[in-house]
Amino acid sequence: MQPEIVSSSNISFEEYRNQILKDYKIATISRECSLLGRREVLTGKSKFGIFGGGKELPQLAMARVFRNGDFRSGYYRDQTFMMAIDQYTIEQFFAGLYAHTDINKEPFAAGRQMGGHFATHSLNEDGSWKNLTQQKNSSSDISPTAGQMPRLLGLAQASKVFRNEKSVSDFSDFSVNGNEVAWGTIGNASTSEGLFWETVNAGGVLQVPMVISIWDDEYGISVHAKHQTTKENISLILEGFRRDENHEGYEIIKVNGWDYAALMDAYETAEELAREKHIPVIIHVKELTQPQGHSTSGSHERYKSEERLNWEREHDCNKKFKEWIIDHNIATTEELLNIEKEAKKAVRKGKNTAWNAYLSEIKNEQTEAITLLKAVEGISKNKNFISPLISVLESKEEPIRKDILEATRKTLRYITKENFIEKTNLQNWINSYIKTTQGKYSDHLYNDYDSKVININEVKPEYDENSELVDGRIIIRDNFDNIFDRVPETLIFGEDSGKIGDVNQGLEGLQEKFGEIRISDTGIREATIIGQGIGMAMRGLRPIAEIQYLDYILYCIQGLSDDLATLRYRTFAKQKAPLIVRTRGHRLEGIWHSGSQMGGLIHLLRGIHLLVPRNMTKAAGFYNTLLDSDEPAIVVECLNGYRLKEKMPANLPETRTPIGIVETIKEGTDITLVSYGSTLRLVEQASKELLAVGINAEIIDVQSLLPFDLNHDIVKSVAKTNRILVIDEDVPGGATGYILHKLIDEQNIYQYLDSKPQTLSAQPHRPAFGTDGDYFSKPSVEDIFEKIYDIMHEANPENYPKLR
C-alpha cells in the first residue's frame, strides 16, 4: 500500500495529497479490521483478539521512513505499520485471527501465534538466506511483555558491525554499509519491565542505530500510568539518558499521537539521526487511545471514567486525522466518507475470503471423514453407537479438526472386535490424517533441511608424537583463534570476554588480534547479551554470546525460552537465529555457579541444542560443528576443566564433535553407566575402583542432552549389560529423570533389564560451600561406587555381599 515515500517538502501538492489520502485509507482499513475482528471473536470464530486500534497515525509515520533492509522488533499493536509497508493484507489479518495453518495464507506463523504477531520471511524455501537488504524486515513478534527489546539491541548492533568491521564488508545480502535502522515499539506500561531498562542502557552504551517508539495510552490493561511509571511520564524519567554536548546518549522526542504533521517530522528527524549517525532515538508518542480496550477479554468501560472515555473519543487519532485533512483543504468530507465506505466494503470482503479459505480445507476433510464413517456404519453391528457420532459431525457447519478426529477415533472403539475392509480404510485414513495434520502444528522446531546440524559427520581428534599436554583452556583458545580466522562473520561478547580474554582465559589475546568489535566486553546484563546475539544472528552474523556462569543463564532464560527457542517453530521456518551461547558450569562448590539448572534448561529450551562436553577438546569440536550449520545451541564447558591437562589435537580446526550422538568411553559387561560433563571424571574413577571387586562397568558420555542419543546406542549397551545407572549433579528428577524418560519411553530399554533402572543425582538443594559441602551435596566417587555395588548386590548377593 505504501511505497518508499520521500519528504513532503520535495513533491507536488497532488502527490502530497495522494500520499495523505493513502494514509487515511490504510488507517481506516486497519481500524475496520480491528472492529470486525473483535466481532469475529465474540461470535466464536476466533479464540482471542488483540488489535492496534488507536495507534494508527504514529505507525503510518514510522512506515514513512522505514526502508529496505531495516528491521522492526515490535509489539502486537503494530498492524497499521505492517499494512503501511505492504507486508499485511486484510485477508492475512483474518487468517491470523482464524489460526489458518497455511503459511501462504497466514505468512507470519501459519496459525501458530495469535493475531497481531508479525514476521517477514528471511529465508528461502531451502532454508538459505534471502537478500535482506532488498526487503522490509520484521523480526517475529513474541507476546511476553518487553521481550522484543533485547532482540532490538542486536538487530541494531548488526548495523554497527557491518559499518565498522572490515571482515564482513562484503556481506552485501545483509547490509549496505550498516545503514539499516532497527525500529522497536513498546507500550508505555511495558516500559516498567526490566528488559526495557536493560536494553535502553545497553543501547546508549553501544550507540547503535535503533529507534524506540513508546505508544502511550496511559494504561497497561486496566492499570493507569500512575501505578506504572514514576511521575506518570516515561520520557521525563528517561531524561538522564538524553545526549548532550559532553555525553553520548539518546535523542528523546516527544510528540502527540494524534498530530499527523508533528509525527511525520518526529520520525524524519529520528531516522536521519539513527541511519546516518548511528545515534539511538526514543520517541515518546503521547495521548494515544485504545478504543476497544486491551483485548477481546474485556471492556475498557469497566476501568475508565466517563471523562476519560469522552476524551478518548475526541482524541481518537483517526478522528483527529480526518479533521486535519478537512481543515487543511486536502480533501472534502464527502471524499473521506467514500474512502471509509470503500474500506468497510474491502474489510468485509477480505474477511469472507479469509474465512472461506480457512473453512473450505477443513470442510473437505470433514466430507472425507463422513464418507468413511458412513461406510463403516453400513456394515457394523454397532451402528446404533456410530450413527450419533456421524450426525454430530454432519451438523457442524463450521467444523474444526478436533471435531473430525473425535468422531473418527471414537468410532474405532465400537468396532474393535469387527473386521472388514471399511474398518481398515478408516484406520488408515486416521493414521494418515494425524500424521499429515500434526506437522501443521509441530514441524520446524529444529532445522528440517539438509543443512541440519545432526547431518554433520564426526571428525575425531588426531594425535602424533608432537602432541603436547596443555591446559584445557589452551585448546579452547586456539580453536577460537582458528574460528575467527576462517569464519569472518563470527564475533564473541560477554562479561570479561574482551580485554582479559574471559575469566578462564579461553579467549586470551584474541581481542588484541581480532579487534574490539569481534571480541568484546559487555556490561553485567545477561538478558541483553542474549538479545545482542539473537538480533545479530537474525541479520546473518554468527555471534557467540558468553554467559559467564551457568546459573547466570537464569537472568536471560526468558529470551532464550520465549524468543530464541521458538523462533524457527513460530515462523514455520521462515526466520532463524543461529546463536551460540557459551557458558560454563558443573562441580563448583557453593550455592552459586553450581550447575544445578540442567533439568530446567532441558524443559524450557526445546528448540535449542543443549551440549555438555566432558572436556575442552569435545567443546572445541562442538563449536566447529555448530558453525558448519545454522542452529542455535548452548555449550556448557566444564568449569573445573580449564586447568586440567589434555593432549592438543594435531587437527584441531578440523575436529567435529557430533551432536545427538553418545560416546562409549569405557567398555564393560556388568552395568551401563550414563553421565555427562564433569561428573564423568568421578564415574571413571569409580569404575576403576569397581574392577577391584569384580564389577566391570561400561561408561557412556551423553555429550548432548538436546538432542539425545539419536542412534539409540545406549539401548545396545543395556542389551549387553542388562543394568543401567544414570548419574549427574542435577537435582533429583532433573536431567537424570529426562534421560531415563528417553531411555524407557523411546528406546524401550526395559525389555533388556534384569535390575530396576536407577538414577544418582545431587541432593535436592544447591550445594553447600567448601570441599565438604560439595562432598555431601553432590555425588562423590564413594556414592557412585556404593550405588553400583548395591545394584549388583541385589542381583547377586552371594558374589556381592552387603557393604553397609
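Helices and strands here are DSSP runs, numbered from the N terminus. With that in hand, take Pro707. Pro707 sits in the loop that runs from strand E20 (704-706) to helix H23 (713-721). The peptide bond between Leu706 and Pro707 is cis, with omega at about 0°. One caution before going on: this is a predicted model.

Next, two backbone angles. Glu232 is not a glycine, yet its phi is positive, about 55°. Where is Glu232 found? In the loop between strand E6 (223-224) and helix H7 (234-237). Glu232 counts as partly exposed, because its relative accessibility is 45%.

His444 is the other one. Its phi is positive too, near 70°, and His444 is a residue other than glycine. His444 lies in the loop between H14 and strand E9 (469-471). Buried or exposed? For His444, the relative accessible area decides. The value is 13%, and the cut-off for buried is under 20%, so His444 is buried.

His444 takes us to the helix before it. H14 is followed by His444. Helix H14 covers residues 421-442, which makes 22 residues.

Which residues of H14 are buried? They are Lys423, Leu426, Trp429, Ile430, Tyr433, Thr437 and Gly439. Now look at the numbering. An α-helix has 3.6 residues a turn, so residues three or four places apart point the same way. And what do the buried residues of H14 pack against? Two helices: H11 (333-377) and H13 (401-413).

Tyr569 is in helix H19, residues 567-570. Tyr569 is partly exposed, because its relative accessibility is 25%. Set aside the neighbours within four places in sequence. Tyr569 is then in contact with Arg112, Tyr441, Ser442, Asp443, His444 and Leu445. So His444 comes up again, in that contact list, because contact means heavy atoms within 4.5 Å. One distance for scale. Tyr569 and Leu682 are 113 residues apart along the chain, and their C-alpha atoms are separated by 38 Å.

The structure holds 9 cavities of 30 Å³ or more. The largest cavity has about 90 Å³ of space. Its lining counts 16 residues. Nearest the centre of that cavity are Leu445, Leu564, Arg568, Gly607 and Pro632. By class, the lining of the largest cavity holds 8 nonpolar, 4 polar and 4 charged residues.

About 460 Å³ of space lies in the largest pocket. 24 residues line the largest pocket, and Lys45, Lys47, Tyr98, Ala99 and Tyr358 are the closest to its centre. Which helices each supply at least two residues of the lining? Helix H4 (90-98) and H11. H11 gives the most, with 4 residues. The classes for the largest pocket: 12 nonpolar, 7 polar and 5 charged.

Leu336 lies in helix H11. Leu336 counts as buried, because its relative accessibility is 0%. Which residues does Leu336 touch, beyond its neighbours within four places in sequence? Leu336 is in contact with Leu21, Tyr24, Lys322, Ile325, Ile326 and Ala331. Take Ile325 from that list. Leu336 and Ile325 are 11 residues apart in sequence, and 9.0 Å apart in space, C-alpha to C-alpha.

Last topic, the cysteines. A disulfide is a covalent bond between the sulfur atoms of two cysteines. How many disulfides does the structure hold? The count is 0. Two cysteines are worth a look.

Start with Cys33. The closest cysteine sulfur to the sulfur of Cys33 is in Cys317, 15 Å away, too far for a bond. The cut-off for a disulfide is within 2.5 Å. Cys33 is also buried, with a relative accessible area of 0%.

Methods:
Residues are numbered from 1 along each chain as its sequence is written. This is a predicted model: local features need pLDDT of at least 70, side-chain atom pairs count only at pLDDT 80 or more; totals for chains, interfaces and linings use all residues. Side-chain values use heavy atoms; hydrogens and water are left out. The expected span of a helix is 1.5 Å times one less than its number of residues. Buried means under 20% relative accessible area, exposed over 50%, partly exposed in between (1.4 Å probe, protein chains only). On a 1 Å grid over the protein atoms alone, a cavity is a set of points where a 1.4 Å probe fits but cannot get out, and a pocket is an open set with protein on both sides within 12 Å along at least five of seven lines; lining residues have an atom within 4 Å of a point. Grid points are joined across faces, edges and corners, and a volume is the space filled by probe spheres set on the points. Ala, Val, Leu, Ile, Met, Phe, Trp, Tyr, Cys and Pro count as nonpolar, Asp, Glu, Lys and Arg as charged, and the others, Gly among them, as polar.
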